[in-house]
Amino acid sequence: MNRINQKLQENKKLLSIYFTAGFPKLNDTVSIIENLEKSGVDFIEIGLPFSDPLADGPTIQASSTQALDNGMTTEVLFNQLKDIRKTVIIPLIVMGYFNPMMQYGIENFCKKCAEIGIDGLIIPDLPVDVYNNNYKAIFEKYGLVNVFLITPQTSLERIRFIDEISDGFIYMVSSASVTGSQNAFGKTQDDYFKRIADLNLKSPQIIGFGISNAETFKQATKYAKGAIIGSAFVKYLSENGTADINKFVSSILE
Amino acid sequence: MSYFVDKNGYYGEFGGAFIPEMLYPNVKELEDNYLNIMREPSFQKEFQDLLKEYVGRPTPLYFAKRLSEKYNTKIYLKREDLCHTGAHKINNTIGQILVAKKLGKTRVIAETGAGQHGVATATVCALMGIECVVYMGEIDIARQAPNVARMKMLGATVVPALSGSRTLKDATNEAIRDWINNPVNTHYIIGSVVGPHPYPDMVARFQSVISEEIKKQLQEKEHTENPDYVIACVGGGSNAAGAFYHYLDEEKVNLIAVEAAGLGIHSGESAATSILGKEGVIHGSKTLLMQSEDGQITEPYSISAGLDYPGIGPLHAHLYKSKRAKFISITDAEAMKAGLELCELEGIIPAIESAHALAVFKMKKFKESDVVVLNLSGRGDKDLDTYVKYFKL
């Protein structure tokens, strides 16, 4: 069984952390991953930086621009990660936009991920139907879980469809927004979290976008299996560097 | 072979809607409704009335006598430069603002590079009393100050795009982010035949009035609907899409798409996307785009702010790949010279975008009997500063 699915079966709320590979420094990737694992994070999203990240807010865009300026490329990232499974056991997911993967070659990209021990991919601008028709077989061949997003605007019919074709978890976007725009969740979001929980979908839901502290983590995981923190962690790295990652993580898990 | 969009939103292998799930409901709503709305008699009446009374259509198809004599062929200029606001851009914004109204939207957003599409959007929003927010790269705001002032006078809010390279592609990213953040009340008026399906098709349909008129006008003047050549410049490609549209299936009509070569195709300072670009995904569309080996989108260059988009619309990628259209690249220097030549021979100051199309006459020899229609997409008022500096006038 894929490491993601094993993790999803654990009887606890899961914390996932996103960071942009190549930020703050080009070669921080491995130490960030190792420190996150040591700090008790359940799985990690490794951001492959892109010049034009449409779904991301200013924090992640700025970190992506910096990472690219630092010299991050798909090849560099794969090289940095080649021995990662010697030290890290938690699930690792690569999150990135479709164009760089397309230029690498989707099959090559998936093959390389499998060799390294990457467990899944999140590609915000690869639509569900295009994946289903063109790439599903390749992902499955290499044992990769592809994670789809839903939002408060996603129709019930489409949620059911996405649930049906998902083989890991559903990435539930907390509100109609790009990454990093929220500080606290209101009643609207709470209602939405409950509404989705009440659907009893086969795929567990992990909530992302707008989770930044212990309070929002608790709110998000009241109904969902877990939550993802991205911008807040990237911001923390830009202010504090990589030295005290455990402080950030323990401030969330309290 | 079909040159029109298929039921899945593709032109051959190009197009589609590569959008984050957050945009799916917005784009789906548009896709489900745009054709029905455009077919409604009440929509058509309002659209046609506005094109006639407000935009000033039909624009003339002008026989350029002295230019024709110089190049020893028959040259007609489709005078889109005479449209209200100075370019073809308003054909699309009039259409889309009416679609936005039918969809019950109360707020409009747009991206702009040089500011022409921003002005055309601010104009129709003022006309309809709809809130308007225009995203524009910080660098473009500095170099296109008159258009920024126009937009403000027309009541629009101009928001600087501060991310990435702070130009058109980043303004487009910011507009898309705004749409993600405001999915219910907002319509995004994209200015060219780019972006996710149905935008390339919708914008091409609104701009197709150009070739619809050319056909009628040419029938009167030459007793045939079909010229031998249609020439138009391509940045994203909206004026070319409009000028080509009703000729796409007329294989005897040669289509020439003119791209900006900047300082030279291989100078590193160019916007010749068909030659320098590779297949990829930009702003929700699979098309040809300028990018690094690693798939990062690169910043194009042209003296003309309307042509420096790193991609081309998926229709044009298909026309290029299928060889239905011939693509020619024109440098800054060639375009500027051709622009000045039109001033001197015909008393028309063209936009520098359109001047790229005019430069084709120096590159390619036409027969004396050829009927050549050139889409003069915009007027040069906005470019006076550039002309003045370039020629030290």
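Two strands are taken to pair if DSSP finds at least two bridges between them, and on this basis β1(A) and strand β8 (residues 226-229) of chain A, in what is a predicted model, pair in the parallel sense over four bridges. Within this pairing, Leu14(A) has Gly226(A) of β8(A) as its bridge partner. Strand β1 of chain A, which covers residues 14-20, is mostly covered, with seven of its seven residues buried. In a regular strand the side chains alternate between the two faces of the sheet. In β1(A), Leu14(A), Ser16(A), Tyr18(A) and Thr20(A) point one way, whereas Leu15(A), Ile17(A) and Phe19(A) point the other way, and the residues of both sets are buried.

β1(A) also pairs with β2(A), in the parallel sense and over five bridges; here Tyr18(A) stands opposite Glu45(A) of β2(A). Strand β2 (residues 43-48) of chain A is in turn paired with strand β3 (residues 92-96) of chain A, again in the parallel sense and over five bridges, and Glu45(A) has Ile93(A) as its bridge partner in β3(A). These pairings belong to a closed barrel of eight strands in chain A, which runs β1-β2-β3-β4-β5-β6-β7-β8 with parallel pairing.

Chain B has 17 helices and 14 strands. Its radius of gyration is 19 Å, close to the 21 Å that the globule rule gives for 393 residues, so chain B is as compact as a globular protein of that length. The C-alpha trace of chain B spans about 55 × 45 × 45 Å along its principal axes, and buried residues make up 60% of its 393 residues. Of the contacts in chain B with a separation of 6 or more, 73% are accounted for by residues 24 or more positions apart.

Strands of a sheet pair through backbone hydrogen bonds, either parallel or antiparallel. Chain B contains an open sheet of four strands in the order β7-β6-β5-β8, with parallel pairing. The edge strands of this sheet are β7 (157-161) and β8 (186-189) of chain B, each of which pairs on one side only, and neighbouring strands are turned by 25 degrees against each other on average, direction ignored. Strand β6 (residues 131-137) of chain B pairs with β7(B) in the parallel sense over five bridges, and Gly137(B) has Ala161(B) of β7(B) as its bridge partner.

An antiparallel pairing is found elsewhere in chain B, between strand β11 (residues 278-282) and β12(B), which are joined over five bridges. In this pair, Glu279(B) stands opposite Leu288(B) of β12(B). The hairpin of β11(B) and β12(B) has two residues between the strands, and His283(B) takes a positive phi near 45 degrees in it. Five of the five residues of strand β12 (residues 285-289) of chain B are buried, so this strand is largely enclosed by the rest of the structure.

Two packed helices are described by the angle between their axes and the distance between the axes. For helix α5 (residues 116-128) and helix α7 (residues 145-153) of chain B, the axes come within 9 Å and cross at roughly 10 degrees. Angles under 35 degrees count as roughly parallel, and α5(B) and α7(B) are therefore roughly parallel to each other. Gln116(B), Gly118(B), Val119(B) and Ala122(B) of α5(B) make the contact with Asn147(B), Arg150(B) and Met151(B) of α7(B). By class, this contact of α5(B) with α7(B) has three nonpolar, three polar and one charged residues.

Helix α13 (residues 314-321) of chain B is mostly covered, seven of its eight residues being buried. The buried residues of α13(B) are Pro314(B), Leu315(B), His316(B), Ala317(B), His318(B), Leu319(B) and Tyr320(B). α13(B) is followed by Lys323(B), whose phi is positive, near 65 degrees.

The contact between the two chains takes 31 residues from chain A and 24 residues from chain B. On the side of chain A that touches chain B, the elements that give two or more residues are α3 (58-70), α5 (98-104) and β5 (145-150) of chain A, and α5(A) gives the most, with five residues. By class, this side of chain A has 18 nonpolar, eleven polar and two charged residues.

Methods. Residues numbered from 1 in each chain as written. Chains lettered and ligands numbered in written order. Predicted model: local features only at pLDDT ≥ 70, side-chain atom pairs only at ≥ 80, totals over all residues. Contact = placed C-beta atoms within 7 Å. Nonpolar A, V, L, I, M, F, W, Y, C, P; charged D, E, K, R; others polar. Buried ≥ 20, exposed ≤ 12 C-beta atoms within 10 Å, placed from the backbone. Rg over C-alpha atoms; globule rule 2.2 N^0.38 Å. Axes fitted to C-alpha atoms, helices over the stretch in contact; angles between N-to-C directions. Parallel < 35°, antiparallel > 145°, perpendicular 65-115°, else oblique.
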